[in-house]
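Please read the following report alongside the sequence and the model.

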Amino acid sequence: MTGPAPSPPPANADTPTAQQRETAITIYEKSVAGRRAATLPSLDVPERALSELIPQNLLREKPAILPEVSEPEIVRHYNRLSRRNFDLDTGPYPLGSCTMKHNPRLNERVAALPGHARVHPAQDPKRAQGALELMWRLERSLAEITGLPHVCLQPSAGSHGELAGLLLTRAYHADRGEERAKVLTPDTSHGTNPATVTMAGYEAVKVATDERGGVDLDDLRAKVDDQVACLMLTNPNTLGVFDENIAEIASLVHDTGGTLYYDGANLNAIMGRTRPGDMGFDICHLNLHKSFSQPHGGGGPGAGPIAVSDRIAPYLPVPRIVRDEGSNGAAPPFDLAYDEPKSIGRLRGFQGNFGVFVRSYAYIRSLGGDGLTDASETAVLNANYLLARLRAGRAGKYLPLAFDRLPMHEFVLSGAPAKRDVQAKTLDIAKRLLDYGFHPPTIYFPLLVDEALMFEPTETETRESLDELAEAIESILTEAESDPEILHRAPYTTPVRRLDEAAASRRPVVRQPLG
Amino acid sequence: MLEAIGVSSVDDLFDAIPEALRLDGPLGLEDGLSESECFDELAALAARNAHADSEACFLGAGMYDHYVPALVDAITQRSEFLTPYTPYQPEVSQGGLQAMFEFQTAISELTGLPVANASLYEGPSSAASAAYLAIGATKRTKLVASRGLHPHSRAALRTYAKGFGAEVVEVGLADGVTDAGELAAAAGDDTAAVFIQNPNFLGAIEDVAALAAIAKDAGALTAAAVDPISLSVLRPPGECGVDVAFGEGQPLGNRLDFGGPSFGFFAATEEHIRRMPGRIAGETTDADDRRGFVLALQTREQHIRREKATHNICTSQALNALAGVIYLAWLGKRGFTELGELVAQRTAYAREKLAAIDGVELLHEAPVFREFAVRVETPVEAVLDRCAEDGLAAGYWLGREYDEYQDGLLVALTERRSKADIDRLADSLERAVQGAGDEFLRAGRRNSPEEVAT
């Protein structure tokens, strides 16, 4: 073992830690009238009365209340807040479906170069050739990785890419004089899938899962008809299971004229091994903040480029990045093209989250094709190793695999026996894991697994850290056998103890009350 | 590891992938690079872009070259903020959650509206989110948008409207501001929301209260896009009868980044709290009654509510919003006002200076904040090329998005554009307008198809 051995607190550790004794104080509560941090350039043009420039009735009467604090106070405040976060650089973060892989610092460095970070989005394309070429190269790389030839980088996140995918589907059918009403999503799908279906104006229809964890083909046959616009699928799915019937699924959907959408959240399992385009998908989104190492930032930013087949390409969002192959260097080769009459239009402003593109392109260039393949292979190896370690211990008894087959990059355990036999709910196990220095897996998802725990260790964890995680789970289940109360009251060592989430929704306090 | 798993090779772990679907060779990508090689390659790409350090940037159109203080980078690059996921485990996410709560408070103060979320993707798509809220709240499907609303926001509305089953109708500008008569005629009992922007795309300050009153008469909501910096001096939307205020957060401590990532902000009146899109942090207590923060009202969200969610959004822009609240704390109450006043004074100076040039005239006379539009008698693209040779990004060509303003140039100011920069711009523009001959005349405009379609 390389890391510190887990040192869980004794069960009666109810003496508050130093951090727990600190009261949470907001930056507003530190405000003292007259303090400030900012220095601004002085007025260097002739001064005019503001009311001479802007009619009085359009002016603000009272200044907005903002904190009045000095620079050292701001730095201390946010440094103190930062210590109240757990993060990937501190310890393993096996959050299923989120792909918490290491964020290389090189990517931050290149993204911060003024030639990337300080380019105005409305800069004339002639004077932003490096940025457009980077985007074009990233598009080509993603096309190769997905096996779908046309890429648009514009969507801001996975859910945004999903919406784009369904609007593309709508445009594709409309172009053929068709209007379809339904979109199919498996009962294992990410919540964003059915939520997107509704936003895109379709009815969400659920498809059942078979006993092997894949799409139930009989149920699919019963539901797929000429009113189905699209089937949205993740493969491997959220159970970590690769659906080997994918070719048949694709032909069922295609035979009735629907499109097949690939939710790229789990792409980290298959890079260099198989491709959505080869599986028969028409449209796919990628999460650059999952598979391609953009830091998650506490919830964002991300980017959700989409890749599509030839028949969907005419409808892609604008602007498109184009390269003039024939200019022979006489004219700048890259440009933004708007003249795409069948395009669904814009999904957002400007060109998308370029800073994310820089980081992900640097990641792809660092690893190369073989490196990406290695990443997926190691991610799958790590998940299977962690699973094997867990099954060899008490988890084998209390946390069985929901669908008993070799998983890919993630796997889902059911905590139902732990709840029944040792009164340890999945939530209790997750909260206790925090005391051991690990972020818990995704819990209570997918919904069809009772007391689900979904582990995705990623390729950037070492064997040693996987061993430690398995040992922590073993230790927690041992505690549960002897005294489940230890788990019920966890966590003990975190900046705050278990929080009342229901109260925050019953009587929402969503801002600081101010004078 | 293979032995523990009980397989003999890594290939065995991929057995579930049918043979016919397996990739039969390596990915057709270049070989990987060492860290130094990768840095050099990316730096070489960066070197081919003009940027706001290499030229004086008067470009705006929604994103602005404000100074980002050093402490923003220092704090947002900390691992504890940079590398966690969404705060699903609040006991180990108090830092991020409290920052969201502080951010929501600041946005609520700026906009004068009681409920703000913890951010959306960016500005223009937030317009579509406001539309979705309004359609849900009113059960109506017509969206009326002023042509003063950012062209990208109107384009996003049209794109999303196909999914919402909604119709988008545009209302023109008169003397630089939304034509109130045309708005009154367009907004009816089928209208879910009226969309305006303040200052509008031409920099003009709208009479938001008067426009919101027209919407209210029609029983529609008013959704206003606002420049957050303008809220230092302009009457906040919450005092003008606006129901939903949203906007592009980039001016608040975020890089230009060729367009992103930044954040969108979104605030509304109390009655819409359960229809709000995106994450919202809320205050609560822990088992020992300590103050703490959690994600509130999660039953609105896709991971709980699935097809019945109020929005499909999952990823927010937490790190960019964190930069936003740090920036606002850095400015503080007085600094924020001073910044707004400085920008207003510089804008007034630049507008007069440019309007005095022979061959340049104001596109409209309405009061402005931070941005203004002029007409130039020489083709704008040629003028911009000329000014670029002088190290100036002189502004944004309005003809890119507006048929009616082919000769329009939009010029933006921030605290970084000094009097000396403005004087240099005036000199360069004068030479460009007067000196540009036929050799600069180029055929072909680059209108976006969405603009041509309307």
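## Domains of chain A

The C-alpha centres of domain 1 of chain A and domain 2 of chain A lie 31 Å apart, where domain 1 covers residues 107-362 and domain 2 covers residues 371-498, the bounds being those of an automatic or database domain assignment. The contact takes 19 residues from domain 1 of chain A and 19 residues from domain 2 of chain A; two residues are in contact if their C-beta atoms, placed from the backbone, lie within 7 Å. On the side of domain 1 of chain A that touches domain 2 of chain A, the residues divide into 8 nonpolar, 8 polar and 3 charged, with Ala, Val, Leu, Ile, Met, Phe, Trp, Tyr, Cys and Pro counted as nonpolar, Asp, Glu, Lys and Arg as charged, and the others, Gly among them, as polar.

This is a predicted model, in which local features need pLDDT of at least 70 and side-chain atom pairs count only at pLDDT 80 or more, whereas totals for chains, interfaces and linings use all residues. Residues are numbered from 1 along each chain as its sequence is written, and chains are lettered from A and ligands numbered from 1 in the order in which they are written.

## Domains of chain B

Chain B is divided into domain 1, made up of 56-65 + 332-449, and domain 2, which covers 70-326. The centres of domain 1 of chain B and domain 2 of chain B, taken over C-alpha atoms, are separated by 28 Å, and 24 residues of domain 1 of chain B are in contact with 22 residues of domain 2 of chain B.

To the side of domain 1 of chain B that touches domain 2 of chain B, α11 and β14 (371-376) of chain B each supply at least two residues; helices (H or I, at least four residues) and strands (E, at least two) are DSSP runs, numbered from the N terminus. The largest share of that side of domain 1 of chain B, 7 residues, comes from α11(B). By class, the side of domain 1 of chain B that touches domain 2 of chain B has 14 nonpolar, 4 polar and 6 charged residues.

## Helix packing

Two packed helices are described by the angle between their axes and the distance between the axes. In chain A, the axes of helix α6 (residues 129-146) and helix α12 (residues 354-391) come within 10 Å and cross at roughly 45°, the axes being lines fitted to C-alpha atoms, for helices over the stretch in contact, with angles that run from 0 to 180 degrees between N-to-C directions. That angle makes α6(A) oblique to α12(A); angles under 35 degrees count as roughly parallel, over 145 as roughly antiparallel, 65 to 115 as roughly perpendicular and the rest as oblique. Residues of α6(A), including Leu134(A), Leu138(A) and Ile145(A), meet residues of α12(A), among them Phe357(A), Tyr361(A) and Leu372(A), and the contact of α6(A) with α12(A) has 11 nonpolar, 2 polar and 1 charged residues.

In chain B, the axes of helix α5 (residues 94-111) and α11(B) come within 9 Å and cross at roughly 60°, and α5(B) and α11(B) are therefore oblique to each other. The crossing of α5(B) with α11(B) is left-handed. Here Gly96(B), Met100(B) and Phe103(B) are among the residues of α5(B) that meet α11(B), whose partners include Ala321(B), Gly324(B) and Leu328(B); the contact of α5(B) with α11(B) divides into 9 nonpolar, 2 polar and 1 charged residues.

## Sheets

Chain B has an open sheet of 7 strands in the order β2-β10-β9-β8-β7-β3-β4, with mixed pairing, two strands being paired if DSSP finds at least two bridges between them. Strands β2 (115-116) and β4 (167-171) of chain B stand at the edges, each with a single partner strand, so one side of each is left without a neighbour in the sheet. Strand β7 (residues 191-198) of chain B pairs with strand β8 (residues 221-226) of chain B in the parallel sense over 6 bridges, and Phe195(B) stands opposite Ala223(B) in β8(B). Helix α7 (residues 151-164) of chain B lies across β3 (142-146), β4 and β8 of chain B, and runs at about 155° to β4(B).

In chain A, an open sheet of 3 strands has the order β10-β12-β11, with antiparallel pairing, and its edge strands, β10 (411-414) and β11 (442-443) of chain A, each pair on one side only. β10(A) and strand β12 (residues 452-455) of chain A pair in the antiparallel sense over 4 bridges, with Leu413(A) opposite Leu453(A) in β12(A).

## Contact between the chains

The contact takes 171 residues from chain B and 176 residues from chain A. On the side of chain B that touches chain A, the largest share, 23 residues, comes from helix α11 (residues 318-355) of chain B. By class, that side of chain B has 87 nonpolar, 46 polar and 38 charged residues.

Conventions:
Left-handed = near helix turned anticlockwise from the far one by under 90°.
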